[in-house]
Amino acid sequence: MQKITPFLWFNGQAEEAMHFYVSIFKNSKVLSVSRYGDAGPGPKGSVMSATFQLEGQTFYALNGGPQFTFTPAISLFVSCETQQEVDELWNKLTAGGGSGQRCGWLQDKYGLSWQIIPTVLGKMLQDKDPEKSKRVMQAMLQMDKIDIKRLQDAYEMRHK
C-alpha cells in the first residue's frame, strides 16, 4: 500500500479531471468513484470522491467545493526521457485551456501545476564543470517547454 497519496480538491470536476489525467498517462487507471447519497451534502448521485492511478502512483480526488483552488506552490513533477515525451505530455496537459509557464512548468485546465522535465536536465545542471551547468541554467530560464536540443547546445557551447 502506498504510504502517501496526493489529495486533489476540485469544485465539481473531480471525475472529469480524473478521466482527463488517466487518458494522458500510460499505466493509469480509475480505481474507484464514490457518489453522494440522500445525506448529501452534494446532489444525490454526483461524484463525491474518486481514486485513480497515474503511472502506478495513486491519487485521491474530492469534489470539495469552491473554497480552495490549486496554486503553483505545489506541482506534479514528471520525469521524461525524450523530447517526444516532453512534447506529448506538454501538449496534452495544456489542451483545453491550460497554459505553459517558464522552466518546464505548466498549469492544466483545472489549475493544477505540473513540471514536465527531461531527466537529462538534472544531469547537465549537476555537471562538475560549473560553466557547462551555468550555460544550461541560462538556457533553461529562457524556455517554457523544455527543449532538449537547446539544452545540449548550451551544454556543449554550440551556437545555431
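1. The axes of helix H1 and helix H2 (residues 83-94) come within 10 Å of each other and cross at roughly 165 degrees. That makes H1 roughly antiparallel to H2; the term covers angles over 145 degrees, while angles under 35 degrees count as roughly parallel, 65 to 115 as roughly perpendicular and the rest as oblique. Axes are lines fitted to C-alpha atoms, for helices over the stretch in contact, and angles run from 0 to 180 degrees between N-to-C directions. Helices (H or I, at least four residues) and strands (E, at least two) are DSSP runs, numbered from the N terminus.

2. This is a predicted model, in which local features need pLDDT of at least 70 and side-chain atom pairs count only at pLDDT 80 or more, whereas totals for chains, interfaces and linings use all residues. Residues are numbered from 1 along each chain as its sequence is written, and side-chain values use heavy atoms, with hydrogens and water left out.

3. Phe20, Tyr21 and Ile24 of H1 meet Leu89, Lys92 and Leu93 of H2, where contact means heavy atoms within 4.5 Å. By class, these residues are 5 nonpolar, no polar and 1 charged. Ala, Val, Leu, Ile, Met, Phe, Trp, Tyr, Cys and Pro count as nonpolar, Asp, Glu, Lys and Arg as charged, and the others, Gly among them, as polar.

4. An open sheet of 4 strands runs in the order S1-S4-S3-S2, and its pairing is mixed. Two strands pair if DSSP finds at least two bridges between them. At the edges are strand S1 (7-10) and strand S2 (29-35), each pairing on one side only. From one strand to the next, the twist averages 20 degrees. H1 (residues 14-24) packs on this sheet, touching S1, S2, strand S3 (47-54) and S4, and its direction makes about 10 degrees with that of S3.

5. S1 pairs with strand S4 (residues 57-63) in the parallel sense over 4 bridges. Within that pair, Trp9 has Leu62 of S4 as its bridge partner.

6. Val30 sits in strand S2. Is Val30 buried or partly exposed? Val30 is partly exposed, because its relative accessible area is 32%; buried means under 20%, exposed over 50%, and partly exposed in between (1.4 Å probe, protein chains only). Leaving aside residues up to four places away in sequence, Val30 touches Met18, His19, Val22, Thr51 and Phe52.

7. A second open sheet of 4 strands has the order S5-S8-S7-S6, also with mixed pairing. Strand S5 (75-80) and strand S6 (99-100) each have a single partner strand, so one side of each is left without a neighbour in the sheet. S5 and strand S8 (residues 113-118) pair in the parallel sense over 6 bridges, and Cys80 stands opposite Pro118 in S8. H2 lies across S5, S6, strand S7 (105-107) and S8, running at about 165 degrees to S8.

8. The axes of H4 and helix H5 (residues 148-156) come within 8 Å and cross at roughly 145 degrees. This crossing of H4 and H5 is right-handed. Among the residues making the contact are Val136 and Ala139 of H4 and Leu151 and Ala154 of H5.

9. Ser133 belongs to helix H4 (residues 130-140). Ser133 is buried, with a relative accessible area of 11%.

Key: A crossing is left-handed if the near helix is turned anticlockwise from the far one by less than a right angle, and right-handed if clockwise.
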